[in-house]
Amino acid sequence: MKKIAVLTSGGDAQGMNAAIYAVVRYALKSGLEVYGVNRGYKGLIEGDIKKMSAIDVEDILHKGGTVLKTARCPELQTEEGELAAIKTMRDNGIEGLVVIGGDGSIQGAARLSRKYGIKIIGIPGTIDNDLAYTDYTLGFDSAVSVCVNAVNQLRDTMSCNDRSCVVEVMGRYCGDIALYTALATGAEAVVVPEVGLDIDKIVGTILHNRSIGKYDNIIIIAEGLSPTCHGAAQNLLEQIVERIPGINIRPFVTGHIQRGGNATVQDIMLGIQMGEHAVKCLLEEKTNRVVGIANNVIFDEDVQKALGRKTPFQQHLYELAQDLVKY
Ligand code: ADP
Ligand code: F6P
């Protein structure tokens, strides 16, 4: 193997830049030529690639977003798109491809490998933490940190106004961002797609807290409670107001700030180690693998096997989130 390429695809996530940094520098150190593909599969299809040198990835380790840019690219799901992507790789003599992205991006890479024999290695990059084969995905820890800071700021103003707040966080249909945010902020209630909404329970908590003179409640809800991932907080707020008329309550949607700002050290370390591991796999001519972390050890696994795993819901954390805020 002499030439490899790296791309970021789907929703950007903090830690992607650290992974790019490690892929580029470890590949160069190992004597490989390395190309950066702009805007994910879109750039691969359009031939928008550039040869990377060590200086190109200087000072990016901590930065949110991705210096290679990202895109959603439905064209890759057509045969024409696939053939154009393969052509870019073959025309430039690129033998291995590192794809940093979420479930969809890794599915796309697996398809290119299966159908055209391209050597691919996936790195899990998504704030959603919805890839079951790995304990953590790049960006999750940073996104949770943003949410925790936001909730702590909200709490200051909510509590002194005897006001409650419904806070919506991202994560698609995975409740991990909501769950970790709730635990780390001592939120009074948490609603995740894996369990669903129990409105009576939430209303009961608010009324019980009111009976002991506590009027501020933070209720964290995952966006995936709404089938479109939009409007979950507003919808829940309306249901609460209907049952507790006159309640002083506000909605807050954390939105895209979750994907911005500096990566946490955990995400930087994860990005560096996963990037190195991906290049090592390619050097060993391993293909059709994804890199992950389990019990603090970086590993690689067959992509189909990995994507076939089901996300185990952390029921004990969900119960703990409730047990610790009972008054
Ligand atoms: P993420 O990678 O964050 O899950 P998406 O689901 O939007 O984000 O996927 C990113 C891109 O990966 C898509 O725009 C498309 O190019 C490609 N992709 C997604 N799903 C598939 C699939 N099932 N088969 C082939 N390519 C896919
Ligand atoms: O997959 C990452 C994610 O941030 C989800 O949590 C969220 O639902 C979605 O992407 C938002 O997508 P977009 O940036 O296209 O609005």
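**Ligand 1**

I listed the shell of ligand 1 and found 16 residues around it, the closest being R72, C73, G102, G104 and S105; a residue counts if one of its heavy atoms lies within 4 Å. The model is predicted: local features need pLDDT of at least 70, side-chain atom pairs count only at pLDDT 80 or more, and totals for chains, interfaces and linings use all residues. Residues are numbered from 1 along each chain as its sequence is written, chains are lettered from A and ligands numbered from 1 in the order written, and side-chain values use heavy atoms, without hydrogens and water.

Which helix gives the largest share of the shell around ligand 1? I found helix α4 (residues 103-116), with six residues. Helices here are DSSP runs of H or I, at least four residues, numbered from the N terminus.

I then checked oxygen atoms of ligand 1 against polar backbone atoms. The distance is 3.0 Å for G102, 3.0 Å for G104 and 3.4 Å for G11. Ligand 1 alone exposes 550 Å², of which the protein buries 81% (Shrake-Rupley areas, 1.4 Å probe).

**Helix α9**

I looked up α9 and noted 19 residues, 265-283. From first C-alpha to last it reaches 27 Å, close to the 27 Å expected (1.5 Å times one less than its number of residues).

I noted as buried in α9, among others, D267, I268, L270, G271 and M274 (buried is under 20% relative accessible area, 1.4 Å probe, protein chains only). Just after α9, I found E285 with a positive phi of about 60°.

How values were computed
Helix = DSSP H or I, 4+ residues; strand = E, 2+ residues; numbered from the N terminus. Buried < 20%, exposed > 50% of the residue type's maximum accessible area, 1.4 Å probe, protein only. Polar contact = N/O pair within 3.5 Å; in protein donor to acceptor, adjacent residues only side chain to side chain.
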